[in-house]
Amino acid sequence: MAEKYGEVPPKFTKKWWEYFWDYYKWHVIITVVAILIASVTIVQCATRPKYDMNVVYAGHMNYSEEEINKLKEIISERISDIDGNGENSVLLSTLVFADNAGSEEYDYAIQTKLDLTFTDDCSFIYLMDKANVDAQMQKEVVDQIYDCTDSFIDSSSDKVVKAADGKGYAVNLKDSRLLKDNGIYCDDLYILIRRNYKDDEKNTQAHDDSIAVAEALVK
């Protein structure tokens, strides 16, 4: 029997395997690689740690591992075991901008990562420095991204940072007793709470917990 690749030897003979490899090796290699990638991805997704709260820091401060762990501990003590695994686990992502000459591509990548976090489940607490808060306040849709601060602090407080619409969306944490008592730098640190757009039990609880965390941090 003739094919576009030549005469096909009898199946499963030595010559057939040689023929198959000569004409279809790249098909096989691509298929195997695709299967391996899919398998690794599935395993990673299945074994990836689950967190009850995702917290994002976006700014120019390089926090120490000790400060990060202490902040995670503070937050974990004030949230629920949303996934039901017996632990109150917190993922704290630090997105540090450089803003130096020649760092434009790096900063663009960091900004892209920050933008992507707004779609994550259980990601409601945002900690930022003044530079990033100012950038957020200038967004025309700031009211569609963040909760008003009156959900966790008196809106008349001088700690509240307001946008052009006159509403507050960020709070200065420089006087936070909780952060100061735990040795966490907060002179240039602000908290924002993202709005909840997913009406499900998990995200609703995480959003409620984020308000409780904000209430504790602004005191």
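**Sheet and cavity**

Analyst: The model is a predicted one. Lysine 162 stands opposite glycine 168, a residue of S7.

User: How do S6 and S7 pair, parallel or antiparallel?
Analyst: Strand S6 (160-162) and strand S7 (residues 168-172) are antiparallel, with three bridges between them.

User: In what order do the strands of the sheet run?
Analyst: The order is S4-S3-S5-S8-S7-S6, an open sheet of six strands with mixed pairing.

User: Why is one side of S4 and of S6 left without a neighbour?
Analyst: S4 and S6 are at the edges of the sheet and each has a single partner strand, so one side of each lacks a neighbour there. On average, neighbouring strands of this sheet are turned by 25° against each other, direction ignored.

User: And which strands does H3 touch?
Analyst: Helix H3 (residues 104-117) packs on the sheet and touches strand S3 (53-59), S4 and strand S5 (123-128). The direction of H3 makes about 150° with that of S4.

User: New topic: how many cavities of 30 Å³ or more are there?
Analyst: The count comes to one cavity of 30 Å³ or more. The largest cavity has a volume of about 70 Å³.

User: Which elements give two or more residues to its lining?
Analyst: Helix H2 (65-76) and strand S4 (90-96) do. H2 provides the largest share of the lining, three residues.

User: What lines it, by residue and by class?
Analyst: The lining of the largest cavity consists of Tyr57, Tyr63, Glu67, Ile68, Leu71, Leu92, Thr94, Leu127, Ile184 and Leu189. These lining residues divide into eight nonpolar, one polar and one charged.

Terms used
Residues are numbered from 1 along each chain as its sequence is written. This is a predicted model: local features need pLDDT of at least 70, side-chain atom pairs count only at pLDDT 80 or more; totals for chains, interfaces and linings use all residues. Side-chain values use heavy atoms; hydrogens and water are left out. On a 1 Å grid over the protein atoms alone, a cavity is a set of points where a 1.4 Å probe fits but cannot get out, and a pocket is an open set with protein on both sides within 12 Å along at least five of seven lines; lining residues have an atom within 4 Å of a point. Grid points are joined across faces, edges and corners, and a volume is the space filled by probe spheres set on the points. Helices (H or I, at least four residues) and strands (E, at least two) are DSSP runs, numbered from the N terminus. Ala, Val, Leu, Ile, Met, Phe, Trp, Tyr, Cys and Pro count as nonpolar, Asp, Glu, Lys and Arg as charged, and the others, Gly among them, as polar. Two strands pair if DSSP finds at least two bridges between them. Axes are lines fitted to C-alpha atoms, for helices over the stretch in contact, and angles run from 0 to 180 degrees between N-to-C directions. Contact means heavy atoms within 4.5 Å.
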